[in-house]
Amino acid sequence: MSALVAVLTLPLVAALGVFVVPARLRVPMALASAAMITGAALALCVTVARGGPVMLMAGGWAPPIGIALRADGLAAALIIMTALVMGAVTCAAWFEASPARAGPRMAFGFWPLMLLLWGALNAVYLSRDLFNLYVGLELISLAAVALAALSGTAQAFAAALRYMIFALAGSLLYLAGVVLAYAAHGTLDIGLLTARTPAQGDALALGLMTAGLLAKTALFPFHVWLPPAHASAPAPASALLSALVPKASFLILMRLWFEAMPDLATPAALLALAVPGAAAVLWGGVLALVQKRLKLIIAYSTVAQLGYMFLVFPLAGGGGAAQPWAAGAWTGAVFHALSHGLAKAAMFLAAGIYIAAVGSDRLGDLRGLARALPMTGFAFALAAITLMGLPPSGGFTAKYLLMTSAFAAGQWPWALLLAGGGLLAAGYFYRPMVALFARDARVPLLRSIPRAWQSVPLVLAVLSIMLGLLSATPFDLLQVGRPPPASEGL
Amino acid sequence: MTAALPVLIVLTSLVPACVTFFLAQDSHRLRNGLNLSGAVLKLALIVWMLFAVAGGASYEATLPLAPGLVILLRVDALALLFISLSAALWFATTIYAIAYFGKKAELSRFFGFFSLCVAATTGLALSGSLISFFIFFELLTLSTWPLVAHKQDKPSLAAARAYLAYALPGSAALLWAIIWLESATGPVLFTDPPDLSVLEPGALRAIFALFIIGVGVKAALVPLHGWLPAAMAAPAPVSALLHAVAVVKAGAFGVVRVIYDVFGAGNVVALGVGWPLAVLASVTILWGSLRALQQDEIKKRLAYSTVSQVSYIILGAALASPLAMIGGLVHLIHQGLMKITLFFCAGIYDERAGVKKITGLNGMGRRLPWTSVCFSLGAMGMIGLPPMAGFVSKFYLGLGGLQAGAPWVLGVLAASTLLNAAYFLPLLYRLWVLPAPEDAKGDERAPGLVVPAVVTAAASLGVGLLAASPISPLSWATLIVTREYGP
């Protein structure tokens, strides 16, 4: 219980705190609060894994009067993944910004925004109230747009503006859906909505909320804002934007479809969610193949990787409750979200190191860097293995669970997509790998990169591999408090 | 102890691999010592287990992942056959590689991935479930890529790209097959054959085809063999590894596992998928030999020869008669010993005399006598002259063909033997009969290169001469077939 409160309030308090303290205390305070929040996240995870879901009624009032917060296995897993990524990003930003070379905007703006984003993410993971979720989403968008604009170049501003337009439109659609749901049922609590008497306008409400969330998750064809925004932000900010931000809106989608209104899941609706996902896998992959800048390749890869998660909608259940991997697709999609978060953050932080070292992320300028920065090259390769879904990595476990469900449900074309998407990923990550490992004359580095900084993306990449190698524990954690449709199908 | 042994035997390669990555480039002694002691320890463990398993013991270790995903390492007779080959040849190749590279650059990276590759092969051999087989199969693919690309020049990078372009779609097919099968039958353990009756025969045939495509890429089955001749751009120790110790063998081993432990020989015959595979293997045998004839680079000729020879193993497995299977399994060992000898020698000709092309071999027998004797022994074994190792394999395969009611196999074997002779005998003629050119150079003052070649050549002679003794590979293959797959 106290851990739950801590993961919600600590980031917000710290975000205010780094504003007030003198400049020289800003970074130490950010580091200290990151450590504390990570500790609280770990404690929450252990509590959930041992004792089941943790509920908190704000002010002691039960819904519909009060607001409920609930940490189930899904929320706990995302909270710990967020904490790991945030912790790594904090360290990387500390190394990157430590000399006075970074502008005042980066040095001042990054820390409060990052902590605000952290608090908002945790709030979304834990909320059981649709309006509360809306507030969380808005806070996330606010922090994320500012992070995207942080580098201050004209390009970044244009990208951030485009991002904001999409985010605002998404919020409006979501809010309209929330209003309809409230008008029909008089409550916005997810638990109460599950037990509601179905009303006429439910489908429209769910459709509007879903459309808004799709725009925020950057699902194809709403992905156009993502690559420029993620590529023009400073690398630590890109890591947050790519690894964490889309997961929050996806989580709300899961909550809506699996918990609040699973009765509305018609086969046509599920197909309508999965087909754009499939298109994202292919289109994002093809565009990633032709990019010339490392950060753009990574960003388009995010577009593709987000698509996989939407396969959960038709595949959940898999038609085989008797199988040992019941809830396979549901768990697989969450595994994918987790391993993608860790690996993608590792990649962007590695890209940040390369940019710091040679001042560019064009593939041509990165040639031969693996020799100068071997640990970073290794981290990039490990993260690529996870994203390609090769064993033994978290990405492989995710893909295995999704593919098995596809066959068990008799929907093997989705499995074909999973296999093809993996090959595309191998194709688009092969190019930066070849550039990095090319045998070129040693490039003079603009600045020396300490080993400790190099080890940050490596730790994240190794964690994404360990997620597959030791997948039994996270698998069990995710089953804590999972909604019934996860195993029975929508 | 029984659970620790399979893990321990993987660790003997994995630990040196992981440590080597972090060693400084110039700490040659530490690196060499680490890798060699890993190899020696592994050999000792294997010898110990050979006796225990012959007495009926088996060892098992499991690591549960998500439900349905279990990494299961299990020492059985078939696994031991493969790892005793790969461990012995790993030791020889490490000595050879240390001498071959001397103090060149990027050695920590090379030996790290080299040991990782052997660790993956060991894990693959010991895998007791389909999914752990797949995991190690992929690890093998990934750890081989940096070795093929080791020189980092244009041809090496092109070869490495070709390798991945073949291997990754192959593993996608393999994963597809595994998941298709397991979604119907539940997780497949090799000790506990799945109940195939839940699937339609048509679906089973498709799954079998996907399996064969998946492992066939590594086994260089025609038409999936294109990467292997291209990979000749890699340094000689890598070629030895690809052709004899790890990669190609892992593919052939996979075919054996799929036929005997996943489907079961009876089902393969009943589904009617055995004879098409046998025909495909025969086509590969002949096609590889025909292409070998046309090559004038020594290593390319040897590579096509591998394409051809590895399919003997597949032919033996596909015929699914006991004698054919003995012939196939024993060829796993025999081909490994002979081919590694040939590649060691090709590396010596290149390093010590600067000879890459066949025309450069004229009169080499007098300048590099030890190497040339070894090369000749390997070549004669490949042709299948008695009493060399290759003869034993071909003899059993022929008998097995008759036993399986497929006398045409004799024709394939005869044609292949003629072709083998046609592409190897001219080399021997050049080595020993033709005079050397005026400006010929070269010596063999490199014991680290020559001694491994002599040892493997002697071994390939020995396993043929002593085939009837109880400790020969032939006896072990017979033990596998009679004890585990017997009628």
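Predicted model: local features only at pLDDT ≥ 70, side-chain atom pairs only at ≥ 80, totals over all residues.
A residue counts as buried when its relative accessible area is under 20%, as exposed when that area is over 50%, and as partly exposed in between.

Most residues other than glycine have a negative phi, and most peptide bonds are trans. Against that background, Ala218(A) stands out with a phi near 65°, a positive value in a residue that is not glycine. Ala218(A) sits in the loop between α8 and α9 of chain A, and because its relative accessible area is 0%, Ala218(A) is buried. The loop between α8 (202-217) and α9 (226-232) of chain A also holds Pro221(A), and the peptide bond that joins Phe220(A) to Pro221(A) is cis, with omega at about 5°.

Chain B has a positive phi as well, at Gln152(B), where the angle is about 60° although the residue is not a glycine. Gln152(B) belongs to the loop between α5 (130-148) and α6 (154-185) of chain B. Is Gln152(B) buried or exposed? Its relative accessibility is 11%, and therefore Gln152(B) counts as buried, given that the cut-off for this class is under 20%. A cis peptide bond is found in chain B too, between Val222(B) and Pro223(B), again with omega at about 5°; Pro223(B) is placed in the loop between α7 (201-219) and α8 (227-230) of chain B.

**Two pairs of packed helices**

Two packed helices are described by the angle between their axes and the distance between the axes. The table gives these values for one pair in each chain.

| Helix pair | Angle | Distance between axes |
|---|---|---|
| α16 (residues 369-383) and α18 (residues 408-432) of chain B | about 165° | 9 Å |
| α15 (residues 328-358) and α18 (residues 394-408) of chain A | about 155° | 8 Å |

In chain B, the angle of about 165° between the two helices makes α16(B) roughly antiparallel to α18(B), because angles over 145 degrees count as roughly antiparallel. The crossing in which α16(B) passes α18(B) is left-handed. On the side of α16(B), the residues in contact include Pro369(B), Val373(B), Phe375(B), Met380(B) and Ile383(B), while those on the side of α18(B) include Asn420(B), Phe424(B), Leu428(B) and Trp432(B). Sorted by class, the residues of this contact between α16(B) and α18(B) are 14 nonpolar, four polar and no charged.

In chain A, α15(A) and α18(A) are likewise roughly antiparallel to each other, and α15(A) passes α18(A) in a left-handed crossing. Among the residues that α15(A) brings to this contact are Gly328(A), Thr331(A), Phe335(A), His336(A) and Ser339(A), and among those they meet in α18(A) are Gly394(A), Thr397(A), Leu401(A) and Ser405(A). How many nonpolar, polar and charged residues does the contact of α15(A) with α18(A) have? The contact of α15(A) with α18(A) has six nonpolar, nine polar and no charged residues.

A disulfide is a covalent bond between the sulfur atoms of two cysteines. Over all chains, the structure holds zero disulfides. For Cys117(B), which is in no disulfide, the nearest cysteine sulfur belongs to Cys18(B) and is 14 Å away; Cys117(B) is buried, because its relative accessible area is 0%. For Cys374(B), also in no disulfide, the nearest cysteine sulfur is that of Cys345(B), at 5.0 Å, whereas a disulfide needs the two sulfur atoms within 2.5 Å. Cys374(B) is buried as well, with a relative accessible area of 4%.

Cys374(B) leads on to Ala457(B), because the residues in contact with Ala457(B), leaving aside neighbours within four places in sequence, are Thr341(B), Cys374(B) and Leu377(B), where contact means heavy atoms within 4.5 Å. Ala457(B) lies in helix α19 (residues 447-465) of chain B, and with a relative accessible area of 1% Ala457(B) is buried. Between Ala457(B) and Leu130(B) there are 327 residues of separation in sequence and 35 Å in space, C-alpha to C-alpha.

Ala32(A) is found in helix α2 (residues 23-51) of chain A, and because its relative accessibility is 40%, Ala32(A) counts as partly exposed. Ala32(A) and Ala14(A) are 18 residues apart in sequence, and their C-alpha atoms are 9.4 Å apart in space.

Key: Residues numbered from 1 in each chain as written. Chains lettered and ligands numbered in written order. Heavy atoms only, no water. Buried < 20%, exposed > 50% of the residue type's maximum accessible area, 1.4 Å probe, protein only. Axes fitted to C-alpha atoms, helices over the stretch in contact; angles between N-to-C directions. Helix = DSSP H or I, 4+ residues; strand = E, 2+ residues; numbered from the N terminus. Parallel < 35°, antiparallel > 145°, perpendicular 65-115°, else oblique. Left-handed = near helix turned anticlockwise from the far one by under 90°. Nonpolar A, V, L, I, M, F, W, Y, C, P; charged D, E, K, R; others polar.
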